[in-house]
Amino acid sequence: MKLRRPSALGAVSLLAAVVVLTTSGCAAWRIKQSVELARQSEPFQASPPGAGASLLVVGDSTGVGTGASSPAASLAGLIARDHPSLKIVNRAKDGARFADIARQLEVAGGERFDAIVVLGGGNDVIRLTPDAPLEEHIARVAALARTQARLVVLMPSGNVGSAPFFFPPWSWLMTQRAQTLHRFVREVASDNGALYVNLYKDKAEDPFAQRPDELNAKDGLHPSDAGYRLWYAELNTQADFSRRLAALAR
């Protein structure tokens with residue numbers, strides 16, 4: 001079952017206001033594309049008969065799969081492809097920050113899952129969440145997730161400054177803030193027994209910067225189908241996710 005959510009036009013509008021002040025004339029076109037992708041996106045969910053294990057996805061537009069050609073091409077959809085008996089609940093929302101992700105977990109009301117994947121952080125980078133509350137919100141998310149699942153994976157967005165959406169000097173600030181985000185998530189994951197998937201790379205080594213047309217959606221901000229496939233490969237390589245899920249389903 002796939003549920004449509006209201007698009008996060010407020011978050012996109014805030015981003016638009018900042019970017020218009022710092023980018024070239026193509027900003028308006030990219031903003032329009034980002035709004036349209038948010039309107040079209042749906043979080044992938046699955047309720048197969050006799051499900052062997054359960055997965056909760058929480059987060060922002062990358063958890064929803066915004067930028068993918070269909071929900072099946074999102075990260076959650078790719079997981080379902082390889083685990084057809086897996087129940088997937090997806091509470092991710094376009095525009096969500098870590099404070100919002102904590103509320104997505106609180107909605108569970110004590111419900112247990114075998115695994116939780118947290119996809120987020122990009123909006124905290126872009127919308128300039130101060131460091132102290134950001135670290136606090138990340139810790140809150142990790143602590144909540146650990147009470148609800150045996151396997152918790154924190155997978156923050158990569159180097160936001162590499163996205164074609166941004167231009168200097170804004171892109172430089174986005175890179176600096178992405179580094180801070182990943183440091184916080186890495187430390188919090190270690191403290192809470194969660195797994196951390198590192199999608200951050202310097203621009204010179206970042207495949208999203210080196211292959212922008214292939215890996216980025218048309219707004220230059222979200223991953224494309226190929227981008228989500230790359231993320232899924234990193235999830236399996238770094239967290240051994242598919243094997244761990246299969247073991248939980250036994």
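Q: Is Ala76 buried or exposed, and why?
A: Ala76 counts as buried because its relative accessibility is 2%, where buried means under 20% relative accessible area, exposed over 50% and partly exposed in between, with a 1.4 Å probe and protein chains only.

Q: What should I know about the model and the numbering?
A: This is a predicted model, in which local features need pLDDT of at least 70 and side-chain atom pairs count only at pLDDT 80 or more, while totals for chains, interfaces and linings use all residues. Residues are numbered from 1 along each chain as its sequence is written, and side-chain values use heavy atoms, with hydrogens and water left out.

Q: Ok, where is Ala76 placed?
A: Ala76 lies in helix H4, residues 75-82; helices (H or I, at least four residues) and strands (E, at least two) are DSSP runs, numbered from the N terminus.

Q: And which residues is Ala76 in contact with?
A: Leaving aside neighbours within four places in sequence, Ala76 is in contact with Phe44, Val57, Ile88 and Asn90, contact meaning heavy atoms within 4.5 Å.

Q: New topic: which residues of helix H5 are buried?
A: In helix H5, residues 98-106, the buried ones are Phe98, Ala99, Ile101, Ala102, Gln104 and Leu105.

Q: What covers them?
A: The cover of the buried residues of H5 includes strand S1 (53-59), strand S3 (113-120), helix H6 (122-126), H7 and H8.

Q: At what angle do H7 and H8 pack?
A: Helix H7 (residues 131-148) and helix H8 (residues 170-192) pack at about 35°, with axes 9 Å apart; axes are lines fitted to C-alpha atoms, for helices over the stretch in contact, and angles run from 0 to 180 degrees between N-to-C directions.
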